[in-house]
Amino acid sequence: MNAPTTRRRTVAQALVEFLAHQYTERDGRRHRLIGACWGIFGHGNVAGLGQALLESGEALPYLQGRNEQAMVHAAVGYARQCDRLSAQAVTTSIGPGATNLVTGAALATVNRLPVLLLPGDVFATRPADPVLQQLEVPHAGDVSVNDALRPVSRYFDRVTRPEALIPAALQAMRVLADPVDTGAVTLALPQDVQAEAYDWPEEFFADRVWRVPRPAPDAEALAEAVRLIRAARRPLLIAGGGVHHAEAEDALREFAGATGIPVASTQAGKGSLRHDHPADVGGIGHTGTATADALAREADLVIGVGTRYTDFTTASSTLFAAPGVRFVNLNIAAFDSHKLGATALVADARAGLEALGAELSSHRVAPAYEEGYTAAKQEWERRVDAAYAAPDDSVRPSQTQVLGVLDALVDDTDVVINAAGSLPGDLHKLWRARSRRQYHLEYGYSCMGYEIPAAIGVRLAAPGRPVWALVGDGTYLMNPTEIVTAVQESLPFTLVLLQNHGYASIGGLSEQTGGERFGTAYRFRAGDGTYTGAPLPVDLAANAASLGMHVIRAGTVAELRAALGEARGAKRPTCVYVETETADTVPGAPQAQAWWDVPVAETATRPAAVAARQAYDRQAAGRRRHL
């Protein structure tokens, strides 16, 4: 009897070789599961994973980052652009490098996007205790800083013996490829174990395919959903990020076209229908259009497809106001399907929409309902045109007018990225999405500093597409360092840097909640301790140039139009810098249709806070439980 064939490798070498042979497959198309590994080396990974990546060559490409959190953001941007069928790994040292992963890991898990985290860890064998950067926990000798990643990881394991890598690595791949369980996956790797050799079975390194299923809905649940849809007089469909992840846009377009049911979208779901599709009524909820929010308040049936129903979507449980409103939730995750007391269709979004469409082939909403939302959509588009228009080309643009100039320039191939500040609200209301992956808003975690590294990840996943990172000055100051990575890797994207000298979004929220914009503007502190209104002498355009970007300054609408046109065709990372007017022209839905619950001080001495509390109590009275 022949002995099993083995290969002698270190743990790090074995892991890198294993990762290079992992694939996903859906609809007969195969994808590399781990497309590359980001890394910043320090003690804890330089002699383990660093050596293994060097030895592997292009089998697992290496990408050099500048900030650990940003590397995770780049990997998340890549995974989203790849419809979660391909992901990237991130490796760090054992101390601050590892803890810097936590925010990125939370973002990935909240948004259900796969990323593999490979932080170094303290010695398993403890030859010296403590080692540099080790956290000592007197009551638990097996705890390290990597344990901070447990609550933000969908799967966590610490590989303390070489042979333990085999089950840990297989479980990690299972979770990354699972459309329900995916998110951040952490394999903590003690630095001594990384360098330890072991005789690995050949089968560990064989090509392995993780098939991503498209489960169909249960027949009884489908029949109940069809009954509810047929009975509804004012149905509304809400498209969430699951539509994109399942590549279900064609199925949704056919369903909406056949039934006439209007489609609103969450931040993650925007672009599920093109903006000019007759059934598309725009964003939903706190940052939604007046058209979509009016339909939501009157809907007697809400069909959620691939949405988690966050408070921005539901306007903090005040939006769906019809007394007898019912819900049908199509979601691959049972956890989300059962929200709001819904009839749950636990299924892949494409498979579920196709099944619903087949059963409703002869069903269509009443002509009067369709005519009503069509007229409201046309009126909203006129309001968007007015918001985008500048009085003339010689004026300094507002933020809304910046979006209008960009809207006139892009086509189906462009990708627009944003995450935080006042831009998400403006984009959700106004942006006219032209293709399924054009609108890239990270709003599950709304993390400042996401946009620039995500642009790099998107560019790696879609090298032929123009990529725009829309960033305010507050977000830029959080995390600009990956500009250097884009320059190093020759990854052209355009950073549109909007300077308004403070935190515009949170400033507005502060004013609404009685905080009087305290601490939200960038101002000089005078000698007497008071703050002046003069802007700080900070030149963010010069900073971007110092990091290697080509910078174009635009002071007027005409200059902005020329700058964006030049940047779109640039072959190097380019920044378009524009100071915006603070007064803006964003049309909105009535606040009663789109509230957001941010608690206000119950007792206060300042009149602004007292008035804000009275307004809060009036809005909060409209909250309801859907059971």
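Student: What is the strand order of the open sheet of six strands?

Tutor: This is a predicted model, where local features need pLDDT of at least 70, side-chain atom pairs count only at pLDDT 80 or more, and totals for chains, interfaces and linings use all residues. Residues are numbered from 1 along each chain as its sequence is written, and side-chain values use heavy atoms, without hydrogens and water. Strands (E, at least two residues) are DSSP runs numbered from the N terminus, as are helices (H or I, at least four). Pairing, which takes at least two DSSP bridges, is parallel here, and the order is E19-E18-E20-E21-E23-E22.

Student: Which strands stand at the edges?

Tutor: An edge strand here has a single partner strand, so one side is left without a neighbour in the sheet. The two are E19 (439–441) and E22 (550–554).

Student: Which residue in E20 is the bridge partner of Ile417?

Tutor: Strands E18 (residues 415–418) and E20 (residues 467–472) run parallel, joined by three bridges. The partner of Ile417 in E20 is Ala469.

Student: Which side chains make polar contacts with the side chain of Arg214?

Tutor: Arg214 sits in the loop between strand E11 (208–211) and H8. A polar contact is a pair of N or O atoms within 3.5 Å; within protein, one must be able to donate a hydrogen and the other to accept it, and residues adjacent in sequence count only if both atoms are side-chain atoms. At 3.0 Å, one partner is Asp348. At 2.8 Å, another is Asp27.
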